[in-house]
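Student: I would like to go through this model with you. Could we begin with how its chains meet?

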Amino acid sequence: MSSKFTEGVVAESKRSYIHKLASEGTRIDGRDFDEVRPIKIKTGFIQRADGSALVELGDTKVLVGVKIEPGEPFPDTPDMGIMTTNVELVPLASPTFEPGPPSEEAIELARVVDRGIRESHTIDMEKLVIEEGEKVWVVFIDMHVLDYHGNLFDACGIAALAALNNATVPAERFGFGDDFKLPIMHYPVPVTFAKIGEWIVADPNLDEESIASARLTVTTNEEEKVNAMQKGLFGTFTYEEVKKSINRSMSIGKQVRKIILGDENGKEN
Amino acid sequence: MDEKKVRDIVVPGEEIVAEGKPGRGVFYEGEKMYSMYLGIVDVRSGYVNVIPLSGCYIPKKGDKVIGKVIDLAPMNWVVDINAPYYAPLHVNDVPWRVGFGDTGRFLEIGDVILAKVSNVNEMGQVWITLKEQGLRKLEGGHLIHISPSKVPRVIGKGGSMIQLLKDSTNCRIYVGQNGTIWISGEPDGIVKVIKAIRMIEREAHTYGLTDRVKEFLERGDE
Amino acid sequence: MMGMKSDIRLIDDNGLRIDGRLPNQLRPIKMEVGVVKRADGSAYIEWGGNKIIAAVYGPREAYPKHVQESDRAIVRARYNMAAFSVDERKRPGPDRRSVELSKVISEALTSAIFVEKFPRTAIDVYIEVLQADAGTRVAGITVASLALADAGIPMRDLIVGCAAGKVDDVVVLDLNKEEDNFGQADVPMAILPRTGEIALLQMDGDLTYDELTNAMEMAMDAAKKIYNMEIETLKAKYGGDVNEQ
């Protein structure tokens, strides 16, 4: 199953090796099925941004910058701020990324991250009104993939949350009073699973992703609510597999959330 | 009926309960047999087949097909035979001596040919030939397309249906296995043949079709 | 979910929905196959206020050549909304939403097709939403499945789309437009009905584990009914005199 996210043709030996490992309960990098790769978060990496986070998930590296500017509200939500998300798969991050307009992979990725943040009400949009119906704060979340080694969904989701949690609304710069911390209400964390043969592993690396038959991202928040799901690739899941994945996402998400919030207190993980 | 024919319509993924070995258009999952197509279950000679009611032409070696030249190359023509893949016709597979780069002098883009499938490989690539008695470029006439799965019905048992069409309209007709049909004759006759073929196409899966077509050809209207 | 706030009550005191349905009731569905003569296969569906047409072309050699896969056919679904399909005119052409939907629909359809039978080809599936009334992607995938069968594409199963969600804190089946706009969650799914495999799954909103599994089970249950309609529709095209004599 190749897509622009994979390196094209996969060596059959690699496929059978990963399957064999899975049948023995382990993975190519020695992780357990539910173990995510080491996460490193550096917030405030881009000083010109109003919030930012450089996140490493194993060898996958993503930089998210948040810019906040005044703008017009949508007519149907005059009393709420606005957020937009965008992903750039820049060619330097992988031999399979091409320059040009956003690919369907980039669009899907951005929209899945967007749904997790939007549906969980991560940002308190009602506190982002400058003048109702006239002026509100617009939060731009731009995600730049810098090194692609699998599982961009989780890397981007983690980086976006970390960057938002680190963001300041630059009111002074635009003459609207004092700066204030971007109000955050919830902490959605995506956890992505890959189906490899009959096994389902969390946080697939590049090799695992390249041979996965199906993919499932489940985003849950700190109240164990599910805020977004997205199934991908050509394979299928049984209902039982989906239910298990939701439960696994909740417990893995809890650990990942601790790492994201721990960093907020000044410690670098 | 001289053999058992079950004309049950099945849909893709529908379980087939019939005695016999798996033939064409079916697949096994576990112990059960399922249909791949929207089609008709056909049990014959100990095999269970599903004949699709529609779909594109899948070339078989030896099939006679009608194709249209869509491109020229120095050593071959590219022919659209209504299959998933275009078929190259190499200069060695025509009855003329064609010099390098001279292909356009013999067959031009848009020309229609009656050809034979000389080879099909595992990848689905197809080669065709004109080097056999009766194969040639078709001049004039009219072309229509039908679903390839209905070709056997248009031809009829032992060619009976096609003979009936020819006899009662004085038209010359070639039916390609790929569902392309070439008809030449008086305009009235061609119209009649097309109407009859459309009728066969519509009712291909029913019994007693030959009689109804005969009736139509005699009566001259539907 | 559009996240709009509203005072509209979506469930009344008798537990009925804004269009009079019970929580687990589908909107009326009508299907037809063979509606686009020029195409290799086609179908039309009316599902509530949705009116969607689908046509299939192929398998045919995939162009440009670099999109070809040497071991299988590629399935290219294109989900497109007509400018007049929604209240406020939609700018024609693909937006980010339709690009994403086209991708997940293509992937879901691929799971049911014997793509390995046609290396280097493309199977193009055009889904045109003529009128939209929530649930267009699941109606679209359902009608696409009919068009694929009509085109004689070999498949291991038909595909059925169905959605469930939550409105006014109640888990409901098959959201309509108001429920989609003002509801709390939407869970669109596509099922391979023979095996019950899940080929498409998305979710947005705010659901507990129990609400979510409740919604998924509701959608999967309804999928069985829609599956039977698909079978009837396909057989009816060639039906009537099939078993005469």
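Tutor: Contact here means heavy atoms within 4.5 Å. Please keep in mind that this is a predicted model.

Student: How far apart are the closest C-alpha atoms of chain A and chain B?

Tutor: They lie 16 Å apart, and no contact joins chain A and chain B.

Student: And which chains share the most contacts?

Tutor: Chains A and C do, of the two pairs of chains in contact.

Student: What is P102(A) in contact with, leaving aside its neighbours within four places in sequence?

Tutor: P102(A) is in contact with I107(A) and with R96(C). P102(A) sits in the loop between β4 (82–89) and α2 (104–119) of chain A.

Student: How exposed is P102(A)?

Tutor: P102(A) counts as partly exposed, because its relative accessibility is 48%.

Student: Staying in chain A, is helix α3 buried or exposed?

Tutor: Of the 14 residues of α3(A), 14 are buried, so this helix is largely enclosed by the rest of the structure.

Student: What span should α3(A) have, at 1.5 Å a residue?

Tutor: Helix α3 (residues 152–165) of chain A should span 20 Å, and its end C-alpha atoms are 20 Å apart, which agrees.

Student: Changing topic to chain B: how many helices and strands are there?

Tutor: Chain B has four helices and 15 strands. Its C-alpha atoms fill a box of roughly 55 × 50 × 25 Å along the principal axes. Of the 222 residues of chain B, 46% count as buried. Among the contacts in chain B with a separation of 6 or more, 59% come from residues 24 or more positions apart.

Student: At what angle do the axes of α2 and α4 of chain B cross?

Tutor: Helix α2 (residues 160–169) and helix α4 (residues 209–219) of chain B cross at roughly 5 degrees, and their axes come within 11 Å. Angles under 35 degrees count as roughly parallel, so α2(B) is roughly parallel to α4(B).

Student: Which residues make that contact?

Tutor: On α2(B) they include M161(B), L164(B) and L165(B), and on α4(B) they include L209(B), V213(B) and K214(B). The residues of the contact divide into six nonpolar, three polar and one charged.

Student: Lastly, how many disulfides does the structure hold?

Tutor: Over all chains, the structure holds zero disulfides. As for individual cysteines, C56(B) is partly exposed, with a relative accessible area of 26%, whereas C162(C) counts as buried at 1% relative accessibility.

Note on methods
Residues are numbered from 1 along each chain as its sequence is written. Chains are lettered from A and ligands numbered from 1 in the order in which they are written. This is a predicted model: local features need pLDDT of at least 70, side-chain atom pairs count only at pLDDT 80 or more; totals for chains, interfaces and linings use all residues. Side-chain values use heavy atoms; hydrogens and water are left out. A disulfide is a pair of cysteine sulfur atoms within 2.5 Å. Buried means under 20% relative accessible area, exposed over 50%, partly exposed in between (1.4 Å probe, protein chains only). Axes are lines fitted to C-alpha atoms, for helices over the stretch in contact, and angles run from 0 to 180 degrees between N-to-C directions. Helices (H or I, at least four residues) and strands (E, at least two) are DSSP runs, numbered from the N terminus. Angles under 35 degrees count as roughly parallel, over 145 as roughly antiparallel, 65 to 115 as roughly perpendicular and the rest as oblique. Ala, Val, Leu, Ile, Met, Phe, Trp, Tyr, Cys and Pro count as nonpolar, Asp, Glu, Lys and Arg as charged, and the others, Gly among them, as polar. The expected span of a helix is 1.5 Å times one less than its number of residues.
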